Amino acid sequence: MDAKNLDLEDHASWPEAIESPKEKKNKGTNSIIEHVMEELAKSIAAKTEASLVQSESMGKYIDTREKIINGKSSNITSSCNVEDCQNILDGIPNLDDRKYIKALREFVANPEWRGIFMRMNDQRRRAYLDSLLE
């Protein structure tokens with residue numbers, strides 16, 4: 001459409017009819033750049049959202065693992081008392097008094113070790129007790 005055939009009531013077509021070829025070229029280039037920028041912005045927004053979802057999922061996973069670990073730890077601690085560990089220590093032949101006392105102190109200071117010790121086989125218990133004096 002050129003300026004001679006311009007419909008005066010159709011205001012939307014005015015800029016297109018009045019623009020020079022150079023202005024049309026720049027407008028085309030600008031619209032391509034705008035399109036690319038819009039697509040880039042959409043892509044960044046999608047990646048950001050995916051990253052947030054992944055972070056949320058990881059946070060939930062960590063919370064769940066901590067609850068499981070803390071739950072297991074408290075179950076082990078509550079089911080094993082110092083007296084049970086002491087009975088096992090008393091049953092170990094030729095146990096050095098220093099290892100015996102060191103182990104009891106460890107069981108009082110770190111209740112998690114009670115359950116661990118209770119679940120060890122005899123060979124591992126002996127190795128654990130030997131490690132206390134190193």
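The model is predicted: local features need pLDDT of at least 70, side-chain atom pairs count only at pLDDT 80 or more, and totals for chains, interfaces and linings use all residues. Residues are numbered from 1 along each chain as its sequence is written, and side-chain values use heavy atoms, with hydrogens and water left out. Helices (H or I, at least four residues) are DSSP runs numbered from the N terminus. Buried means under 20% relative accessible area, exposed over 50%, and partly exposed in between (1.4 Å probe, protein chains only).

**Aromatic pairs**

- Rings of Phe, Tyr and Trp (its six-membered ring) pair if their centres lie within 6.5 Å; planes under 30 degrees apart count as stacked, over 60 as edge-to-face and the rest as tilted.
- By this rule there are four aromatic pairs.
- Trp113 and Tyr128 are stacked, at 4.8 Å centre to centre with 25° between the planes.
- Trp113 sits in helix H5 (residues 112–119) and Tyr128 in helix H6 (residues 122–131), so this pair ties together parts that are 15 residues apart in sequence.
- Trp113 is partly exposed at 30% relative accessible area, whereas Tyr128 is buried at 9%.
- Phe117 and Tyr128 have ring centres 5.9 Å apart and planes at 50°, so the pair is tilted.
- Phe117 belongs to H5 and Tyr128 to H6, so the pair ties together parts that are eleven residues apart in sequence.
- Phe117 is buried, with a relative accessible area of 0%.
- Ring pairs join Phe107, Trp113, Phe117 and Tyr128 into a cluster.
- Arg125 lies over the face of Phe117, 5.4 Å from the ring centre; a charge sits over a ring if NZ of Lys or CZ of Arg is within 6 Å of the ring centre and within 35 degrees of the ring normal.

**Helix H6**

- Arg125, Tyr128 and Leu129 are the buried residues of H6.
- Down the axis of H6, its buried residues fall within an arc of 95°, so they line one face of the helix; the arc is that of the directions from the helix axis to the C-beta atoms.
- The face of H6 turned away from its buried side carries the exposed residues Gln123 and Arg124.
- The buried residues of H6 pack against helix H3 (82–90), helix H4 (97–109) and H5, where contact means heavy atoms within 4.5 Å.
- At the start of H6, a side-chain oxygen of Asn121 comes to within 3.2 Å of the backbone nitrogen of Gln123.

**Salt bridges**

- The structure has four salt bridges, each a side-chain nitrogen of Lys or Arg within 4 Å of a carboxyl oxygen of Asp or Glu.
- Lys42 pairs with Glu39, their closest N and O atoms being 3.5 Å apart.
- Both residues, Lys42 and Glu39, lie in helix H2 (residues 21–79), three residues apart, about one turn of the helix.
- Lys42 is exposed at 52% relative accessible area, and Glu39 is partly exposed at 36%.
- Asp96 and Arg98 form a salt bridge at 3.5 Å, N to O.
- Asp96 is partly exposed at 29%, while Arg98 is exposed at 57%.
- Asp130 forms a salt bridge with Lys99, the closest N and O atoms being 2.4 Å apart.
- Asp130 lies in H6 and Lys99 in H4, so the pair ties together parts that are 31 residues apart in sequence.
- Asp130 is partly exposed at 32%, and Lys99 is buried at 17%.

Conventions. Helices (H or I, at least four residues) and strands (E, at least two) are DSSP runs, numbered from the N terminus. A polar contact is a pair of N or O atoms within 3.5 Å; within protein, one must be able to donate a hydrogen and the other to accept it, and residues adjacent in sequence count only if both atoms are side-chain atoms.
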